[in-house]
Every structure is written in C-alpha cells, then in structure tokens.
Amino acid sequence: MISTDVLSQFGLFQGLPESLMTEIAAISSEVSAKQGDFIFREGEKQTNFISS
C-alpha cells in the first residue's frame, strides 16, 4: 500500500477527496526497477500507472 501523501505528489491525484485517495492507496504498491529493466513491452496491455 502507498500512502496518500505519496499519491498526492502526483498531479493526477491532486484535488481528489481524501476518501478516494485512501481507496486508491489501499490497492496501490510501489515497484522499483533498475536501469535497463523492462517494465512493459510494446503491445502489452498495461494496468499500471508508471511514474519516474
């Protein structure tokens, strides 16, 4: 789970009601990737929000 503080750092989530932020945070997780790792491949269906 990601905190609502982390989510609020992204413009996409700013201004959302706290209750909705809490719901989103509850189903979210942070994943790290090293340089050169594939996080997705062209043509693959994506269900993730990617931010650097």
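This is a predicted model: local features need pLDDT of at least 70, side-chain atom pairs count only at pLDDT 80 or more; totals for chains, interfaces and linings use all residues.

Analyst: In it, the charged end of Arg 41 lies over the ring of Phe 38, at 4.0 Å from the ring's centre.

User: How many aromatic pairs does the structure hold?

Analyst: Two rings pair if their centres lie within 6.5 Å. The number of such pairs in the structure is 0.

User: Which side chain does the side chain of Thr 4 join in a polar contact?

Analyst: Thr 4 belongs to helix α1, which covers residues 4–7. Leaving out residues up to four places away in sequence, Thr 4 touches Met 21, Thr 22, Ala 25 and Glu 18. The polar contact, at 3.3 Å, is with the side chain of Glu 18.

User: What separates the C-alpha atoms of Thr 4 and Leu 16?

Analyst: Along the chain, Thr 4 and Leu 16 are 12 residues apart. The separation of their C-alpha atoms is 10 Å.

User: How many nonpolar residues are in the lining of the largest pocket?

Analyst: The largest pocket has about 740 Å³ of space. It is lined by 20 residues, and the closest to its centre are Ser 29, Val 31, Phe 49, Ile 50 and Ser 51. By class, the lining has 1 charged and 7 polar residues, and the nonpolar ones number 12.

Note on methods: Residues are numbered from 1 along each chain as its sequence is written. Side-chain values use heavy atoms; hydrogens and water are left out. Rings of Phe, Tyr and Trp (its six-membered ring) pair if their centres lie within 6.5 Å; planes under 30 degrees apart count as stacked, over 60 as edge-to-face and the rest as tilted. A charge sits over a ring if NZ of Lys or CZ of Arg is within 6 Å of the ring centre and within 35 degrees of the ring normal. Helices (H or I, at least four residues) and strands (E, at least two) are DSSP runs, numbered from the N terminus. A polar contact is a pair of N or O atoms within 3.5 Å; within protein, one must be able to donate a hydrogen and the other to accept it, and residues adjacent in sequence count only if both atoms are side-chain atoms. Contact means heavy atoms within 4.5 Å. On a 1 Å grid over the protein atoms alone, a cavity is a set of points where a 1.4 Å probe fits but cannot get out, and a pocket is an open set with protein on both sides within 12 Å along at least five of seven lines; lining residues have an atom within 4 Å of a point. Grid points are joined across faces, edges and corners, and a volume is the space filled by probe spheres set on the points. Ala, Val, Leu, Ile, Met, Phe, Trp, Tyr, Cys and Pro count as nonpolar, Asp, Glu, Lys and Arg as charged, and the others, Gly among them, as polar.
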